[in-house]
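The structure is shown first.

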Amino acid sequence: MPRLWNETIESHRREVRDAILDATAALVTERGLLSVTMSQIAEKTGIGRATLYKYFPDVETLLFAWHERQITAHLGYLVEARDRAGAADQRLEAVLEAFALITHESHGHRDTELAALLHRGEHLVRAQQQLTEFISDLLTEGARHGEIRDDIASNELARYCLHALTAAAGLPSVAAVQRLVQVTLDGLRLGR
């Protein structure tokens, strides 16, 4: 098949997949996790059930794919935050603040049955490992520049940051989130 034809087919498949994921998320939000069926998803997406089953075998698999897409988008957002900042300490601060804001904004789904389903599984373990390594690299860079403490391994400090910043989920405002980020950064900096 010609290359253009293959690209067009792949593009169409991505669009259909994204439409399925979006429709599923909307239905789960409207009706709750246990009320969503493959028939409803197909109808909301505007495709036949047979087509839907070509993409996903069941609702649970579909929800994991949606969650994986969300995680990928969040990680991309963190990379953008890092790349927009200047010096090593600014990159670290930008990433920690972006992570804390993501956590703060998504706090509404953390206590739901959807969160209980999605926050288990291998895809989440991989994402947490990738996030820890990403922040660890920033901490190592900051230590090289004499801005971040080097008496504790960077991967331990990265875990400290992530655990500390999950508290952003329960904070009442963006200003409180920003204060939490500053307190976390204070724990990372060399004693001055």
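## Helix 4

Buried residues (under 20% relative accessible area with a 1.4 Å probe, protein chains only; over 50% is exposed and in between is partly exposed) in helix 4 are Val59, Leu62, Leu63, Phe64, Ala65, Trp66, His67, Ile71, Leu75, Leu78 and Ala81. This is a predicted model, in which local features need pLDDT of at least 70 and side-chain atom pairs count only at pLDDT 80 or more, while totals for chains, interfaces and linings use all residues. Residues are numbered from 1 along each chain as its sequence is written, and side-chain values use heavy atoms, with hydrogens and water left out.

Helix 4 covers residues 59-84, 26 residues in total. From first to last C-alpha it reaches 37 Å, close to the 38 Å expected at 1.5 Å a residue.

## Packing of helices 4 and 5

The axes of helix 4 and helix 5 (residues 88-105) come within 8 Å and cross at roughly 150°. The two helices are therefore roughly antiparallel (over 145 degrees) to each other. Contact (heavy atoms within 4.5 Å) is made by His74, Tyr77, Leu78, Ala81 and Arg82 of helix 4 and by Arg91, Ala94, Val95, Ala98, Phe99 and Ile102 of helix 5. The crossing of helix 4 and helix 5 is right-handed.

## Val16

Val16 lies in helix 1 (residues 3-31) and is buried, with a relative accessible area of 11%. The C-alpha atoms of Val16 and Tyr55 are separated by 8.9 Å, and the two residues are 39 residues apart along the chain.

Note on methods: Helices (H or I, at least four residues) and strands (E, at least two) are DSSP runs, numbered from the N terminus. The expected span of a helix is 1.5 Å times one less than its number of residues. Axes are lines fitted to C-alpha atoms, for helices over the stretch in contact, and angles run from 0 to 180 degrees between N-to-C directions. Angles under 35 degrees count as roughly parallel, over 145 as roughly antiparallel, 65 to 115 as roughly perpendicular and the rest as oblique. A crossing is left-handed if the near helix is turned anticlockwise from the far one by less than a right angle, and right-handed if clockwise.
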